[in-house]
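Biologist: I have a protein model open and would like to go through it with you. Shall we take it piece by piece?

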Amino acid sequence: MATVAQPCSSWTRGSIPLSKHLPRRRFSGRTTTLTRLSPQAALVQAPPSPSSPRDNSSIQVLTLSRANDLQAEARAMTRAVNATIYNPALIASLYGSQPVKVVRRTLEILVALGSFGLKLLLDQRNGVLDQNRRVRASELKDIFTKLGPTFVKLGQGLSTRPDICPTEYLEELSELQDGLPTFPDEEAFACIERELGLSLESIFSSISPSPIAAASLGQVYKAQLKYSGRLVAVKVQRPGIEEAIGLDFYLIRGLGFFINKYVDIITSDVVALIDEFARRVFQELNYVQEGQNARRFKKLYADREDICVPDVFWDYTSAKVLTMEWVDGVKLNEQEAIERQGLKVLDLVNTGIQCSLRQLLEYGYFHADPHPGNLLATPEGKLAFLDFGMMSETPEEARSAIIGHVVHLVNRDYEAMARDYYALDFLSPDVDVSPIVPALRDFFDDALNYTVSELNFKTLVDGLGNVLYQFPFNVPAYYALILRSLTVLEGLALYADPNFKVLAASYPYFAKRLLTDPNPYLRDALIELLFQDGRFRWGRLENLLVQGRMDRDFSAKEALQPVLKVLLSPDGEELRILVIKEAVRVTEAFTLSTISDTYKSVPDFMRALVFNGNANGPIIMSEAETQNMIELRDQVFRIWGLLQSSNDFDPDLLLPILQVLQQPEARRLGERVMGGITQRLAARFLQQVLRVPTAPST
């Protein structure tokens with residue numbers, strides 16, 4: 001019998017000490033020591049906090065550890081060399097020769113879903129639809145469970161949409177996330193030994209005698225590694241799952257061909273979308289690939305102190321067995337449990353939104369299945385991401401185009417929005433976008449009557465979808481996964497607050513990217529946003545700074561540099577002309593508003609002496625013009641104050657600007673600005689001198 005030391009209290013909450021009541025399981029001629037571990041625990045462990053500066057010996061140890069890790073990963077890849085991949089032609093040839101099995105499965109699906117639909121219809125006719133909602137929700141959960149993994153995934157998606165499903169359906173379908181029927185433990189343990197080529201006793205000091213969670217593709221055990229004592233989650237794949245999923249996708253793909261051929265209202269290539277989704281699902285069946293996904297995700301996004309991503313133990317991972325770190329946590333839709341830990345659900349939701357924006361628009365590598373069972377709140381307040389089987393990527397061109405699309409939406413520039421669909425790969429270059437513009441205008445003019453805080457992401461998606469259906473759009477597969485990811489996040493947010501708006505929470509990130517990103521496309525989008533009809537929109541800049549500073553990664557220094565580079569580049573003449581005009585206008589506003597303030601501060605008897613009896617002031621300006629000058633000056637002061645109050649503001653950040661101003665182009669720009677200012681002020685003073693005095697009325 002294997003023995004271990006008494007586990008520490010940080011992970012034995014709810015478990016039975018190994019020295020007492022040790023359940024024993026006879027398996028394959030050996031006895032494995034098992035301990036009953038907490039079923040409420042989650043499946044990830046927070047990564048260690050950043051360490052202090054390392055000496056050379058520490059660096060050598062880390063280098064050796066990394067080399068060993070790479071070797072272990074290579075061995076895991078060797079174990080997974082025969083993992084199943086999605087091949088529609090192979091699947092078609094396999095099931096095309098099995099008509100009986102295909103017909104049986106088709107009838108099984110039609111009977112199950114058809115009978116459920118008939119019950120709903122009868123409930124509606126009898127006026128008991130609301131009364132029977134809980135019963136029907138439970139029945140639908142059972143139907144999805146019986147129909148297998150493909151329909152379980154459909155149910156998981158619906159369980160995160162409170163705007164689509166009533167509360168009773170949400171509660172019942174949420175059990176599909178990790179509360180599915182299990183398969184026999186003997187089969188799971190046999191799979192572990194067969195895949196890893198080791199006995200359970202040689203790997204684990206203890207392992208839970210039954211699964212602590214069961215998902216669509218596998219079930220999870222909690223164990224303790226024998227060599228290190230580390231707690232791990234061991235995921236074991238369901239037996240025969242490749243065949244079950246393959247048959248379902250064979251049927252769904254046949255339906256896709258039917259839709260492509262006969263349903264004109266859907267212009268996207270449905271078969272291509274199905275193939276993309278199927279490819280992702282089959283990738284989930286290769287746990288080594290999932291481990292590599294987790295490693296890449298951790299490298300990109302776990303640099304934040306509030307994001308937790310598990311490590312992979314490669315020596316105990318294969319195509320059908322995945323061993324990862326463990327940590328306690330609560331699913332993100334369990335609001336009461338989260339609040340009992342002293343945490344705020346909306347803080348965690350916001351963390352998830354900001355991380356997802358980085359995934360979608362910064363690095364392009366994103367988690368395509370963020371349902372509540374895959375997002376956990378740790379006791380430390382971190383957001384833990386789990387289950388990296390379904391991942392996708394946003395093409396680099398599309399990332400910038402999406403941000404530019406938001407800018408064009410804010411500007412109501414529907415012609416530019418229509419052209420964005422070329423960069424987004426929605427339209428082929430030979431399609432004329434001019435007929436699309438009126439449809440965009442009709443929809444978004446109504447949608448934009450709401451403030452950003454009132455806009456609902458799903459409303460925009462649905463409305464835009466209606467536009468897409470009218471024209472020859474071909475929605476890329478990656479975009480469908482993006483929409484799924486974002487709508488799931490909005491659904492999670494709505495659990496915590498029915499009035500929560502993902503778009504409002506996302507705006508600081510967009511503002512920060514526009515202000516700081518040196519990407520040429522985004523620099524052009526920023527200039528387009530700030531200039532209109534040759535006039536600089538200071539209100540837009542102030543709003544961008546206010547919003548951008550809400551993003552913790554905002555840098556005042558970075559916000560200054562991209563614009564300067566564009567301004568002084570060889571291709572920046574058009575922008576320089578606009579900047580010169582605006583610099584002249586701002587300088588004039590500062591000068592004249594200061595003169596006006598000075599004039600108002602002079603006593604009445606002094607004004608007659610100093611200004612030669614001019615009761616209207618030293619400069620001819622209407623009250624409205626004077627007020628506009630003062631408002632512009634004050635707005636510029638506020639913007640400067642926003643930059644100064646940024647966390648990373650340092651007077652030294654102005655040094656690069658001073659260096660740039662020493663360049664010949666910058667000096668010429670300064671000369672042109674000073675010349676313009678001199679001309680404007682001279683013209684105003686000349687107008688003042690030459691004006692005809694108005695005779696006082698008697």
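Modeller: One cut-off comes first: a residue counts as buried under 20% relative accessible area, as exposed over 50%, and as partly exposed in between. Lys298 has a relative accessible area of 18%, so Lys298 is buried. Keep in mind that this is a predicted model.

Biologist: Which residue meets the side chain of Lys298 in a salt bridge?

Modeller: Lys298 lies in helix α11 and its partner in the loop between β7 (307–308) and β8 (321–325), so the pair ties together parts that are 13 residues apart in sequence. The N to O distance is 3.7 Å, and the residue is Asp311.

Biologist: How many salt bridges does the structure hold?

Modeller: The criterion is a side-chain nitrogen of Lys or Arg within 4 Å of a carboxyl oxygen of Asp or Glu. Some of these residues are linked in a network, made of Lys119, Asp123, Arg136 and Glu139. The total for the structure is 25.

Biologist: How far apart in sequence are the parts that Glu73 and Arg295 tie together?

Modeller: Glu73 forms a salt bridge with Arg295, with the closest N and O atoms 2.3 Å apart. Glu73 lies in helix α1 (residues 56–79) and Arg295 in helix α11 (residues 287–301), so the pair joins parts whose separation in sequence is 222 residues.

Biologist: Which helix holds Glu172, the salt-bridge partner of Arg134?

Modeller: The side chains of Arg134 and Glu172 meet at 3.5 Å, N to O. Arg134 is partly exposed at 36% relative accessibility, while Glu172 is buried at 11%. Arg134 lies in helix α4 (residues 133–147), so the pair ties parts 38 residues apart in sequence, with Glu172 in helix α6 (residues 167–173).

Biologist: Which side chain of opposite charge is nearest to Lys512?

Modeller: Lys512 sits in helix α19 (residues 502–516). Lys512 is buried yet has no salt bridge. The cut-off is 4 Å, and the nearest side chain of opposite charge is 4.1 Å away. That side chain belongs to Asp551.

Biologist: Which residues is Lys512 in contact with, leaving aside its neighbours within four places in sequence?

Modeller: Contact here means heavy atoms within 4.5 Å. The list is Glu362, Asp517, Gly548, Asp551, Asp553 and Phe554.

Biologist: How far apart in space are Ala368 and Ser485, C-alpha to C-alpha?

Modeller: Ala368 is found in the loop between β10 (365–367) and β11 (375–377). Its relative accessible area is 0%, so Ala368 is buried. Its contacts beyond four places in sequence are Met390, Met391, Leu481 and Arg484. Ala368 and Ser485 are 117 residues apart in sequence, but their distance in space is 5.5 Å.

Biologist: What accessible area do Val103, Leu107 and Val111 have together?

Modeller: Leu107 is found in helix α3 (residues 99–125). Leu107 is partly exposed, at 48% relative accessible area. With Val103 and Val111, Leu107 forms a nonpolar patch on the surface, and the accessible area together is about 270 Å².

Biologist: What percentage of the residues of the protein chain count as buried?

Modeller: The secondary structure comes to 27 helices and 15 strands. The accessible surface is about 34300 Å², with 56% belonging to carbon and sulfur atoms. Of the 698 residues, the buried percentage is 51%.

Conventions:
Residues numbered from 1 in each chain as written. Predicted model: local features only at pLDDT ≥ 70, side-chain atom pairs only at ≥ 80, totals over all residues. Heavy atoms only, no water. Helix = DSSP H or I, 4+ residues; strand = E, 2+ residues; numbered from the N terminus. Buried < 20%, exposed > 50% of the residue type's maximum accessible area, 1.4 Å probe, protein only. Lys, Arg positive; Asp, Glu negative; His and termini not counted. Patch = residues over 30% accessible without salt bridge, like charges linked within 9 Å, V, L, I, M, F, W, Y side chains within 5 Å. Areas by Shrake-Rupley, 256 points an atom, 1.4 Å probe, with all protein chains shown as cover.
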